[in-house]
Amino acid sequence: MIQIARHILLIALAVFSGCVNSDSGDSNEVPTSEGFDFVGMMASYADGVLLPSYERLESTIEVLSEPTGAIANYCGSISTADEGVMLDAARIAWQEAMSSWQEAEAYLVGPVMDNGGSIRNSIYSFFSGSPLSTCAIDQAVMLAQNPSFDLTNRSFNQRGLDALEYLLFNEDLTHTCPAQIVETQTWNIQPAEQRKLLRCEYAFDLAEDVVLSADGLGVAWQSSGGNFRTEFINPENLADNFQQLSDALFYIELSTKDAKLGVPTGIKDGCSQLTCPEASESRFSDTALENIRSNLIGFRELLTGGAGLGFDDIIIAEGFPEVNNNFHTNIEAAITLIDSMDMSLLDQLAIIEGSGSDASCLNSAANPETVQMIPVCSLHGFLKRITDSLRTEFIVIVNVDLPDGAAGDND
Amino acid sequence: MIRLFMKQFVVVFTAGILQLQIPAYAQGADETDDVLDVVLVTGGREGVRKLAGAATYIDEAEIQELDDTDLTDLLARSPGIYIRHEDGYGLRPNIGIRGAAAERSQKITVMEDGILITPAPYSAPAAYYLPNVNRMRAVEVVKGPSAIRFGPHSVGGAINLVSIPVPTKRTGAIEASFGTDNYQKYRGLLGDRIGNAGYTIDLLRYGADGFKELDGGGNTGFTRNDVNVSLDWRPESNWSLEHHLQFKIGYADEISDETYLGLTDGDFAITPDRRYVSSKLDRFASEHSQAHLIYSLGLPSGIQVVTKGYVNRFNRDWNKFDGLIGGPSVKLVLARPDIFPTEIGLLQGEVDSLDAGGQLIDVTNNSRQYGSEGLDISAQYDLVLGSFKHRLNAGLRYHHDYVDRDHHQRGYEMIGGDLVFDGDSNRQKKVFNNASTDAFAFFLNDEITFERWTLNAGVRVESIDRKLEDFLEDTLTSNDETVVLPGISAHWQWRDKVGIFAGIHKGFSPAAPAAGSVVNSEESTNFEYGLRYENTNTHIELIGFFSDYSNLIGRCRVSDFGCVPGEEFSAGDVQIAGAEFSLNYIHDFASGWSLPVALVYTYTESAFQTGFQSGFPQWGTVNTGDELPYTPENIARFQAGLENDSFSLTATVKFVSEMREVAGRGDLEVGMFTPSYTILDLGGKWALNESWNLLAVIENVGDQREIVSRRPIGARPTPPRLYRVGFRYDF
């Protein structure tokens, strides 16, 4: 009886109930990654990519700046049998710190870009718009002997990892200033050991200064400091921060492909000669390729969000996994190519110069898999494939704008 | 043009009435009918059964059955009602009808004795005040085309709370109830008639310490006081005019330590009654006063004219947790505590505020003063033309309401698990404005009876002038609109016991002044159709409904992050449909016992007809076909009792299916819906004699603790098992 009543009720309800048009159709679908956890993605970038990167940077720089660290050890070994070993150790430590930075520099979002990028420039000033001033560093080495000397008042182009590079890698102990510069007039007449020691001691001071900047970067993100982490994740700021993250991906184009490779190899406008080795990065250590490798690793982390949610997950959610595959294929090809190079960037630029023609370079860049006569030019070719995907498929799928300065690409 | 016509109508109509000499004569009112017809909107229980549309009449016996103080408990007796529970005591109910948004009952028309009673139904429709239902004689729910008489909000329907009338002889009652969490309710009622005049004094006080446990200790309860005095005058019937004058004044206040802040799902699972210390300062304080004058005039021609004048004032201060100054949405923090460990620690008092961004607790005093006043004149005339009986009703109402908002923010540091004022008393106000509305409403209705047919045709016209003065922006915006809202319904008494009815009407919910200069009111076309079966012991009603919204509005409230309170969002076309079923059956045993059974069931489906991206957090990303949030597919209430002249035992089972908390379709996402729940209540009454009645109630017998909502901010529970015992002495 109850069953019959129940069925009558159900039938009656079915007959009486109004019904709505719940056909989803196609034309009105909102073209966004519906349900995608953007907040989780931003948290993943903060906690899984950016903050660990800054922590690595801090720890690798601390190796240089500690009282018993690599630079201090080197300073203490000058004029001893261990001097060469300790210098090599200091250079290796610098290289590790530089690699950390080159990876972190792919994440140009938040406090690192505040105040015109002051934190960034105080750590590394290559892109500050003001080229490294070796003369100013030479002057500072002399001035630093005065107890009232304040390093923080010095310009960015005489501080940071690039200034450290000059002090640790430049074998020429002669100062680079014009003769009329008062501070360095007595430099060249000082004993070589004394000059090494003064440079080393100033390098130590510089390392401490860089640690402070790296510290400041971390603190700016922490809840006990500037709490930018919360600001970064806050969905109210999602549009801005998401665009900033997306803009940061274009470091691989504007800074790596164009500035670090395109201009030195002459592929990119900005070099009026066959090659422009003076525009290359890390000339004293001749480690430009290692920097590019770190940039690529940083780019990959920024694309994928590391182990967490990232742009690549949006691309998959939107149904374009092949775009991710292309990115990964070209990133791997570029890194593998760098790992296979037995000549530095400067060496390869010399080969181009020696050939008297850019044909080999341009051919290598156009056919990076098949033609690798000039490997750095082939590397440029792989990078271009990455950046072409960025500025076409990526911005459409992820629905972001091109960053300022990337509107055109006249490669 | 329409506004001009209306103004002329008011002048002429009022002047005509005033010219009448009021004689000391009356035909003699029906003294057995102590609930005035003029304050009913359905015509009472009998009227509901003959209506050409859906309506529910909840009488005093049902109100007293479990001695309800929570209106939402009573409204569950009506199909087509959607409740989003919040504080567990129904202090500020969220009631929706037929899919109209439940948010603070802002899409329904709420009346007391047929008079608009929410603080400012046009200017700020969120109902922060509703009359205490415990002092009511009846509750009426009107849906479908019948609702167009009761604007301004007619997309879903209307609710009328009918107060205790002046009795025909001296009567009184004293009630007291006591329960869990120091629940106490006291009521005193005295009424008498002296000659042609009468009075009622109705005193009510109730409150509880609350079932929430504040971290570190503190109050989470409430107290309400309600005083109402009604005066009634029915002169002797010596002339051919019949007069009835009723004047009522009322005062109600409330102090409640209520908050918008709920819990994370994780904390809810462990301690559903926990309240974070960051809500420690939260307190709602309100005062409501009202004066209602109802004058009924029966003319020799049979025309009945009813004039209602009313003035309502409502002031409230709600000092409450409102987030983290400069921090992320607390709703998000509660949803993702893993991502926001510092912020959740601040709310819980487990992390101290540091001098960093977003670590100050925002405690904002939302101070508002509301007012509404108006004059409502309606007339009824019965006319017979051949075989057709016409009952003509016409009415005109002028209404003015306003709200003054002054939302003042203060910052508190969380130090050692306590809130410490940061000393800045001069923070920028969050909201500082005045919104006001002048509205004329006119309706005309003809109920035509012919043999077994009843046809109801009516039209409502609303002409609204709105103004918003924003003192922060130093702007003044205004808009006006006039809408014509027709409706028609038919009832066919197919068999003596079976009637069939159908109707269609245009629903309307006006935009608030905060909508700005672009008027964007909510409109819908509503259909309903049903059948009604009635015999001595059985009443069955089965109704289908379909509402086609051409412009559904979402209104941002203070609890919605990411939008400005009062800001309105359009969802375009939305369809809501469903079925309502109600059954009432009484089986009488020969022994004098009887078994009453009642079943109410509502099935609802809804679908957005367009896809869009909305800044209104409840909608978010909407795709075509997505279902509306907070619209459960199934709601049911089953009640069975056993009673005789002295005893009654009642068991009530309430079921609500899952509710989405944001628009969507398909599988429900964890954390984005409230689970279904079933609650059992038991009640028993014992009439010791004609004067003394004892009552015992157990609410939520199974102590089911489920999340009923994650709004306003965070998970909120069903109340725990609650006990109440009480008595009533009538004299």
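Predicted model: local features only at pLDDT ≥ 70, side-chain atom pairs only at ≥ 80, totals over all residues.

## Getting your bearings

**Overall layout**

- Along the principal axes, the C-alpha atoms of chain A fill a box of roughly 110 × 55 × 35 Å.
- Chain A has 411 residues, and 52% of them are buried.
- Take the contacts in chain A between residues at least 6 apart in sequence: 75% of these join residues at least 24 apart.

**Two domains**

- Chain A splits into domain 1, covering 38–228, and domain 2, covering 250–397.
- Where the two domains touch, domain 1 of chain A puts in 26 residues and domain 2 of chain A puts in 31 residues.

**The nonpolar cores**

- As a bit of background, nonpolar side chains in soluble globular proteins tend to be buried together.
- The largest nonpolar core here has 168 residues, and Phe232(A), Phe311(A) and Phe394(A) are the ones with the most contacts inside it.
- Helix α2 of chain A, residues 38–65, gives the most to this core, with 13 residues.
- Both domains of chain A take part in this core, since at least three residues come from each of domain 1 and domain 2.
- There is also a second, separate core of 27 residues, and Val39(B), Ile115(B), Ala147(B) and Val483(B) are among them.
- What does Phe232(A) touch, not counting residues up to four places away in sequence? The list runs to Met42(A), Tyr45(A), Ala46(A), Leu50(A), Val109(A), Trp221(A), Asn241(A) and Leu245(A).

**Helices α6 and α7 of chain A**

- Helix α6 (residues 134–143) and helix α7 (residues 160–169) of chain A pack at an angle of about 75°, and their axes are 11 Å apart.
- That angle falls in the 65 to 115 degree range, so α6(A) and α7(A) are roughly perpendicular to each other.
- On the α6(A) side, the contact uses Thr134(A), Ile137(A), Asp138(A) and Val141(A), while α7(A) brings Ala163(A), Tyr166(A) and Leu167(A).
- By type, the residues of this contact come to five nonpolar, one polar and one charged.

**What's tucked away**

- Helix α7(A) is mostly covered, with ten of its ten residues buried.
- The buried residues of α7(A) include Asp162(A) and Glu165(A), along with Leu161(A), Leu164(A), Leu168(A) and Phe169(A).
- Which helices cover the buried residues of α7(A)? The cover includes α2, α3 (70–77), α4 (83–104), α5 (114–123), α6 and α8 (192–221) of chain A.
- In α5(A), the buried residues are Gly117(A), Ile119(A), Arg120(A), Asn121(A), Ser122(A) and Ile123(A).
- The cover over the buried residues of α5(A) includes α2, α4, α7, α8 and α11 (251–265) of chain A.

**One serine to look up**

- You'll find Ser378(A) in helix α17 of chain A, which spans residues 375–397.
- Is Ser378(A) buried or exposed? Its relative accessible area is 0%, and buried means under 20%, so Ser378(A) is buried.
- Leaving aside neighbours within four places in sequence, Ser378(A) is in contact with Leu337(A), Ser364(A), Ala365(A), Pro368(A), Val371(A) and Gln372(A).

Methods. Residues numbered from 1 in each chain as written. Chains lettered and ligands numbered in written order. Heavy atoms only, no water. Core = buried A, V, L, I, M, F, W, Y, C linked by side-chain atoms within 4.5 Å. Buried < 20%, exposed > 50% of the residue type's maximum accessible area, 1.4 Å probe, protein only. Helix = DSSP H or I, 4+ residues; strand = E, 2+ residues; numbered from the N terminus. Domains from an automatic or database assignment. Contact = heavy atoms within 4.5 Å. Axes fitted to C-alpha atoms, helices over the stretch in contact; angles between N-to-C directions. Parallel < 35°, antiparallel > 145°, perpendicular 65-115°, else oblique. Nonpolar A, V, L, I, M, F, W, Y, C, P; charged D, E, K, R; others polar.
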